[in-house]
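Me: I am new to this structure and would like to go through it with you. Could you take my questions step by step?

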Amino acid sequence: MKNLNLFGQTFSALENAMNYSTAKNRAISNNIANVDTPGYKAKDVVFKDVLRSEMSSIDTKKTNARHIDFKQHNGVSPFQTITKHNTTYNHNGNNVDIDKEMNELAQNQIQYQALTDRLSSKFRGIESVLKGGN
C-alpha cells in the first residue's frame, strides 16, 4: 500500500523555504548588529546540496550502478551558515557591508512574506474543502 501524503510536497517545500529565510534573516540581523564590532566577520546562509535534497523526493529507479542514486537523503538541512573570511571593509578587520546587508534584509523580508502568503493560501484551500466549498 502506498504511503498517503495528505498535503503533498508543497508544505514540505514551503517549510524548507521558510526555514532558509528565517536562517538568512538571523545571519543578516547578526551582521547588522555587529557592523562596528572589531574583527567581526559577516555570516551568510548558502544552499548546500539543494539539488540532491530536492531530487530525493522524486520517484526514480536506478537501472545501472553508475546512475546517480537520488533516494539518498541524510536528513541534513539543505543550507548552512558560513563565515566570510576573505574580505575586510573596515580598518578594524570587520567585513560587514551595511548597504549590502540592508538590501539583503529587504529582499529576504519580501521573500518571507511571499512564502507566508502562499502557505496561508494553501491552508485556506484546505479549510474551504473541509467546509464543503462554502
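Reply: Gladly! One term to begin with: helices are DSSP runs of H or I with at least four residues, numbered from the N terminus. Please keep in mind that the model is predicted.

Me: In which helix is confidence highest, and in which is it lowest?
Reply: The mean pLDDT of the protein chain is 80, and 72% of its residues reach 70 or more. Confidence is lowest in helix H2 (residues 50–55), at a mean of 55. The highest mean, 92, belongs to helix H3 (residues 98–130).

Me: What separates lysine 100 and glutamate 104 along helix H3?
Reply: Their side chains meet in a salt bridge, at 2.7 Å from N to O. An α-helix has 3.6 residues a turn, so residues three or four places apart point the same way. Lysine 100 and glutamate 104 are 4 residues apart in helix H3, so what separates them is about one helical turn.

Me: Is glutamate 104 buried or exposed?
Reply: The cut-off for buried is under 20% relative accessible area. Glutamate 104 has 17% relative accessibility, so this residue counts as buried.

Me: Which residues are linked in a network of salt bridges?
Reply: The structure holds 4 salt bridges. Glutamate 104 pairs with lysine 24 and also with lysine 100. The network links Lys24, Asp44, Lys100 and Glu104.

Me: Which elements do the buried residues of H1 pack against?
Reply: The buried residues of H1 include Phe11, Ser21, Lys24 and Ile28. From helix H3, asparagine 108 is in contact with Ser21, Lys24, Asn25 and Ile28. Together, the buried residues of H1 pack against strand S1 (43–47), strand S2 (79–83) and H3.

Me: How is the aromatic pair of phenylalanine 11 and phenylalanine 123 classed?
Reply: The count comes to 1 aromatic pair. Its rings are 5.1 Å apart, centre to centre, with 50 degrees between the planes. Planes under 30 degrees apart count as stacked and those over 60 as edge-to-face, so the class left for this pair is tilted.

Notes:
Residues are numbered from 1 along each chain as its sequence is written. Side-chain values use heavy atoms; hydrogens and water are left out. pLDDT is the predictor's confidence in each residue, from 0 to 100. Helices (H or I, at least four residues) and strands (E, at least two) are DSSP runs, numbered from the N terminus. Rings of Phe, Tyr and Trp (its six-membered ring) pair if their centres lie within 6.5 Å; planes under 30 degrees apart count as stacked, over 60 as edge-to-face and the rest as tilted. Contact means heavy atoms within 4.5 Å. Buried means under 20% relative accessible area, exposed over 50%, partly exposed in between (1.4 Å probe, protein chains only).
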